[in-house]
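Take a look at the model below. This report goes through it part by part, from single contacts to the whole chain.

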Amino acid sequence: MAKKSWADMTPTQKKIVVVTGLAEVALTTWCAKDLKQRPAAMVRGPKLLWGPLLSVQPVGPIAYLLVGRR
């Protein structure tokens, strides 16, 4: 299955891509801010490890919310 280019997408598909991208950026930003402000004792694992993991989309931010926070 070949990837669709932006021009090949329907208006609905374009909206879904944009909304999903904005949601990922918002979630990652919120998680990064939370990680920065949260004391190390309230984070499972080293904070220095969670920072780069937040960039793994969309798994990193979701994992931080479900597993990384105490």
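With which side chain does the side chain of aspartate 34 make a polar contact? The partner is the side chain of tyrosine 64, at 2.5 Å. A polar contact is a pair of N or O atoms within 3.5 Å; within protein, one must be able to donate a hydrogen and the other to accept it, and residues adjacent in sequence count only if both atoms are side-chain atoms.

## Ground rules

This is a predicted model, in which local features need pLDDT of at least 70 and side-chain atom pairs count only at pLDDT 80 or more, while totals for chains, interfaces and linings use all residues. Residues are numbered from 1 along each chain as its sequence is written, and side-chain values use heavy atoms, with hydrogens and water left out.

## The chain as a whole

The chain has three helices and zero strands. From the N terminus on, the order is α-α-α. The radius of gyration is 16 Å, well over the 11 Å that the globule rule gives for 70 residues, so the chain is more spread out than a compact globule. That radius is taken over C-alpha atoms, and the globule rule is 2.2 Å times the number of residues to the power 0.38. Helices (H or I, at least four residues) and strands (E, at least two) are DSSP runs, numbered from the N terminus.

Along the principal axes, the C-alpha atoms fill a box of roughly 50 × 20 × 15 Å. Of the 70 residues, 19% count as buried. Buried means under 20% relative accessible area, exposed over 50%, and partly exposed in between (1.4 Å probe, protein chains only). Take the contacts with a separation of 6 or more: residues 24 or more positions apart account for 52% of them. Contact here means heavy atoms within 4.5 Å.

Aspartate 34 lies in helix 1, which covers residues 11–37. Its relative accessibility is 14%, so aspartate 34 counts as buried. Not counting residues up to four places away in sequence, aspartate 34 touches Tyr64 and Arg69.

Side chains of opposite charge can pair when their charged atoms come close. How many salt bridges does a search of the whole structure find? The search finds two. A salt bridge is a side-chain nitrogen of Lys or Arg within 4 Å of a carboxyl oxygen of Asp or Glu. One joins the side chains of arginine 38 and aspartate 34, at 3.0 Å from N to O. Arginine 38 is buried, and so is aspartate 34. Arginine 69 also forms a salt bridge with aspartate 34, with the closest N and O atoms 3.7 Å apart. Arginine 69 lies in the segment after helix 3 and aspartate 34 in helix 1, so this pair ties together parts that are 35 residues apart in sequence. At 25% relative accessibility, arginine 69 counts as partly exposed. Shared partners join Asp34, Arg38 and Arg69 into one network of salt bridges.

Is tyrosine 64 buried or exposed? Tyrosine 64 counts as buried because its relative accessibility is 0%. Rings of Phe, Tyr and Trp (its six-membered ring) pair if their centres lie within 6.5 Å; planes under 30 degrees apart count as stacked, over 60 as edge-to-face and the rest as tilted. By this rule there is one aromatic pair. Tryptophan 50 and tyrosine 64 form it, edge-to-face, at 5.7 Å centre to centre and 65° between the planes. Tryptophan 50 lies in helix 2 (residues 47–53) and tyrosine 64 in helix 3 (residues 59–68), so the pair ties together parts that are 14 residues apart in sequence. Tryptophan 50 is at 9% relative accessibility, so tryptophan 50 counts as buried too.

The buried residues of helix 3 are Gly60, Pro61, Tyr64 and Gly68. Seen down the helix axis, they fall within an arc of 100°, so they line one face of helix 3. The arc is that of the directions from the helix axis to the C-beta atoms. These buried residues pack against helix 1 and helix 2. On the other side of helix 3, Val59 and Leu66 are exposed.

At 18% relative accessibility, threonine 28 counts as buried. Its side chain makes a polar contact with the side chain of glutamine 57, at 2.7 Å. Leaving aside neighbours within four places in sequence, threonine 28 is in contact with Leu54, Gln57 and Pro61.

The peptide bond from glutamine 57 to proline 58 is cis, with omega near -15°. Proline 58 is found in the loop between helix 2 and helix 3.
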